[in-house]
Amino acid sequence: MSAFPLPRLSLRFIPVWRRNLRVWRKIMVPSIMGNFGEPVLYLLAFGYGFGRLVGDLGELPYMVFLASGIVCSSAMYTASFEGMYSAYTRMSEQKTWDGMLGAPLNLDDIVLGEIIWAATKALFSAGAILVVAAVLGLISDLRALLALPVILLAGFCFGACAMIVTAVSRSYDFFLYYFTLAVTPMLLLSGVFFPLEQLPTAVAALAWALPLVHVVEIVRPLMTGAWPSQVPLHLSVILVYGLVGLTVATALLRRRLMR
Amino acid sequence: MDPLDPPSIPAPIAQAQGLVKRYDGRTVVDHIDLTVQPGECFGLLGPNGAGKTTTLRMLLGLTPPDEGALSVLGEPIPERAREARRRLGIVPQFDTLDPDFTVRENLHTYADYFGLKGRARRQRVEDLLRFASLESRRDAPISALSGGMKRRLTLARALINQPELVVLDEPTTGLDPQARHHIWQCLRGLLKSGTALILTTHYMEEAERLCDRLAIIDRGRVVAQDSPQSLIRTHIEPHVLELDGPTAMAWLDAQTGDLPARLWRMGDLALLYTLQAAPLTAALEQAGIRYLHRPANLEDVFMKLTGHELRD
Ligand SMILES: Nc1ncnc2c1ncn2[C@@H]1O[C@H](COP(=O)(O)OP(=O)(O)OP(=O)(O)O)[C@@H](O)[C@H]1O
Ligand SMILES: [Mg+2]
């Protein structure tokens, strides 16, 4: 067996995904309330509070600028949380994965199912913000619907990266490092709250090496009535992060659990 | 039948040859050979840390062996472990029931992992709720179940795919006698219907009652492998005299080396293993020493082969 075998992709991830969906459905009402509640608070507090000070950014009212940013950051946060705290709980505390491994499922199926589930939850929460933004009149036209598949891909990307952290974690405390060292900087550097042009070139260059800015670059135009540019490039970066994340996470988890 | 045909030997349902597993340079499974025939109940006995769980995990494809060849249900392991797991059931040493679900939902979800759908799944779940006598607790959360109920549910879950082989790692540890008898009853039912079992246990009585054959393993090696009766016959003297208390010990100390028995002694307790009990019992009666005379059992074999000192 080679040290870094590629993950074997298979539709057997579906029962794993469905298991998580089934649990989510049991607590659907509070989940959905949370999906709507938090972004509404963000939008209102930042948008009205900050927006008054900032005014318009170029052509865009600050609220419109912010709404598209929050859709993307919410996808990142939701997928990261699910890929770390929730997946770790199922792996380590609840032994849910051990149960699945007693069935004809491989660890690869479980990891893929968990990451796609993280992406699904990202879609739920970012989708909820999209709805809120539409109700508040912050969306230009139906092109915004095209943001949904991009969000799903972004959720996959961030879920896969989070799964690497889960694979090396010995306790919940460890996740804080990842949030402090990766997620929060990405949030601040990727044009969610203010345009990237405000940053020094070196910092902007770093931001371009990370996935979130590429998500924002596609989603923001789509929500504000324009066509994004350089879509293949942006999608490739997101996809590469996702696939590398999946590969590394699967290899590390095999080493951790199948020893 | 054509007399020239070789006598048909049924293919073993599980076979391990030269199985080795090392953790951090320590050999925990050391060249184990096992053969389990269809329909039989095969036991793995061994002190804590002997390597029972590790052996089972290798058999199930949950950890790769460092050396050796393995096949289960005709599938090479670990290469086709997933295909083998499709046709077998697993009761792990520690429960892995899903705490996010109720009793019924646990079975339902597990059925989904096996690809069961629709009517067939509902029917199977109902059958297994009845099998585990958990119909009245169908909507209970896992946290509300007693240890015995959890174990029954785990066993029911292992049967969701009507397996040809069920692998059970200490199925009755920590259960009260009633719960244990209930599990034994279930296992006997499975054996009657032709399902093969591989089980580990620390209860010699359980092994003696259920197993057709068993392997005693110690420090990762098989030290004996046979039927319980043959093990008792070949490895130990048939009669055991148990003595305890200071008077008995004083009597033992006074015997000058010509005791017609193998003696094992710890503190105030002594066991005398002998081919012929009569001379000893006569001497004991004469001295007025209380003793217990019983036939040798599997526990005696186990203690003789694995030593009396504490493990782990
Ligand atoms: N993943 C692991 N990493 C390192 N050592 C391990 C691992 N799994 C088992 N071991 C070691 O291998 C040895 C055999 O363990 P195993 O669990 O197979 O014993 P067992 O016979 O099942 O014991 P018990 O009766 O206590 O369940 C033990 O010394 C254990 O500490
Ligand atoms: Mg064990």
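I start with a term: a salt bridge here is a side-chain nitrogen of Lys or Arg within 4 Å of a carboxyl oxygen of Asp or Glu.

**Ground rules.** I am reading a predicted model, in which local features need pLDDT of at least 70, side-chain atom pairs count only at pLDDT 80 or more, and totals for chains, interfaces and linings use all residues. Residues are numbered from 1 along each chain as its sequence is written, chains are lettered from A and ligands numbered from 1 in the order in which they are written, and side-chain values use heavy atoms, with hydrogens and water left out.

**Entry 1, salt bridges.** I searched the whole structure and found 33 salt bridges over all chains. I then noted a network of them that links Glu75(B), Arg80(B), Arg82(B), Glu83(B), Arg87(B) and Glu164(B). Inside it, Glu83(B) and Arg82(B) meet at 3.8 Å, N to O. For cover I use these classes: buried is under 20% relative accessible area, exposed is over 50%, and partly exposed is in between (1.4 Å probe, protein chains only). Arg82(B) is buried at 12%, while Glu83(B) is partly exposed at 23%.

Which residue does Asp112(B) pair with in a salt bridge? I found Arg18(A), with the closest N and O atoms 2.8 Å apart. Asp112(B) sits in helix H3 (residues 103-113) of chain B and Arg18(A) in helix H1 (residues 13-26) of chain A, so the pair joins two chains. Helices (H or I, at least four residues) and strands (E, at least two) are DSSP runs, numbered from the N terminus. Asp112(B) is buried at 3% relative accessibility; Arg18(A) is partly exposed at 27%.

Is Glu237(B) buried or partly exposed? I have it as buried, at 15% relative accessibility, whereas Arg262(B) is partly exposed at 29%.

Setting aside neighbours within four places in sequence, I find Asp30(B) in contact (heavy atoms within 4.5 Å) with Leu19(B), Arg219(B), Gly220(B) and Arg221(B).

I counted 11 helices and 14 strands in chain B. Its C-alpha atoms fill a box of roughly 75 × 55 × 50 Å, taken along the principal axes. Of its 312 residues, 52% are buried. Domain 1 covers 14-227 and domain 2 covers 237-295, with bounds from an automatic or database domain assignment. The C-alpha centres of these two domains of chain B lie 41 Å apart.
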